[in-house]
Amino acid sequence: MSENILKTLPYSERQFVVVMPDEIVHKQRDSLAEDASGSIDWKNVAMTVALGSFRASPLVALASVVVKEGYAAWERSRDNGIKTLPIKRSEAEELIFPPGHPRDGVLYACHPADTNTYFTVATFHRAAFEHKLAEAVNLLMHLGATKFKVEHITGWSTEFASHLAVPFQQATVKADVNSNSGSKSKILFEASLPKNKSCVLPPDMVWYPHEKTWQSVAKGRLNFGMDDFSLTISYVDDFGINAGLKLKATNSGLDLGGKFEEHIATSWKIEGVFAPSI
């Protein structure tokens, strides 16, 4: 399976992957092709990998055990209801993983809108939301935003925001001036770009094609000279990455890639102004 073929699979078939040595995946695919039962000759698989990767090493026997256990964890994950796809290390080189990854035995989940990017299951929700926020901010900066603020509406709030890698000032929670509302306006981030004269769409956006309100803001700015904006970042789908998946993966022996972070349905709003139209 090449990287291009991986991209053509339905999301449900490529959503979860584990990265293994090429020899293991090659043997597994050959075995499945030759035997409808999917049974694996473990002695053959383990020794092939061990001898290929650890030739003349005294750790050959140990390596064989590690190979078998890693593959067994993948098999258990399938038995536990996780559609986990094993991919070769060489195939993984064509994909984008977090720094320091991929690692053997770690369960990865595909970005919801980018077939080329995978996150660890543990950090999936933070990474996906952070990427969506970054794309929205990048869109607004390219369209000519000179001042904006990010406001919490529901879900993740100040503590979550404090751990995000965003290139603008973090603000404090401020009381709403309307005392009758009994609410608080939670300004999470603020930014000012007084010299910004840009007015174009940025390249390589992956969330934008799925966000009608973002498209409306862009159309209003590019075609009609809109001078202010309000844009919502919503993250409501857990994509099946929840406590149930965590339990199944852990029971299978797969590594989640860190401390698992639960999904929380979240909406943040970005408001601000664009540079005056030329």
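Guide: On a 1 Å grid over the protein atoms alone, a pocket is an open set of points where a 1.4 Å probe fits, with protein on both sides within 12 Å along at least five of seven lines; lining residues have an atom within 4 Å of a point. This is a predicted model: local features need pLDDT of at least 70, side-chain atom pairs count only at pLDDT 80 or more, and totals for chains, interfaces and linings use all residues. Residues are numbered from 1 along each chain as its sequence is written, and side-chain values use heavy atoms, without hydrogens and water.

Visitor: How many charged residues line the second largest pocket?

Guide: The lining consists of P112, A113, K132, W207, H210, E211, S234, Y235, V236, D237 and F239. Sorted by class (Asp, Glu, Lys and Arg are charged; Ala, Val, Leu, Ile, Met, Phe, Trp, Tyr, Cys and Pro nonpolar; the others polar), six are nonpolar, two polar and the charged ones number three.

Visitor: At what angle do α7 and α9 pack?

Guide: K132, E135, A136, L139, L140 and L143 in α7 meet W214, V217, A218, R221 and L222 in α9, contact being heavy atoms within 4.5 Å. That contact has eight nonpolar, no polar and three charged residues. Helix α7 (residues 124–143) and helix α9 (residues 212–224) have axes 10 Å apart and an angle of about 10°. The arrangement is therefore roughly parallel, a term for angles under 35 degrees.

Visitor: Which residue does K83 pair with in a salt bridge?

Guide: The whole structure holds five salt bridges, each a side-chain nitrogen of Lys or Arg within 4 Å of a carboxyl oxygen of Asp or Glu. K83 is in the loop between α5 and β2 and its partner in helix α2, so the pair ties together parts 70 residues apart in sequence. With the closest N and O atoms 3.4 Å apart, the partner is E13.

Definitions and conventions: Axes fitted to C-alpha atoms, helices over the stretch in contact; angles between N-to-C directions. Helix = DSSP H or I, 4+ residues; strand = E, 2+ residues; numbered from the N terminus. Parallel < 35°, antiparallel > 145°, perpendicular 65-115°, else oblique.
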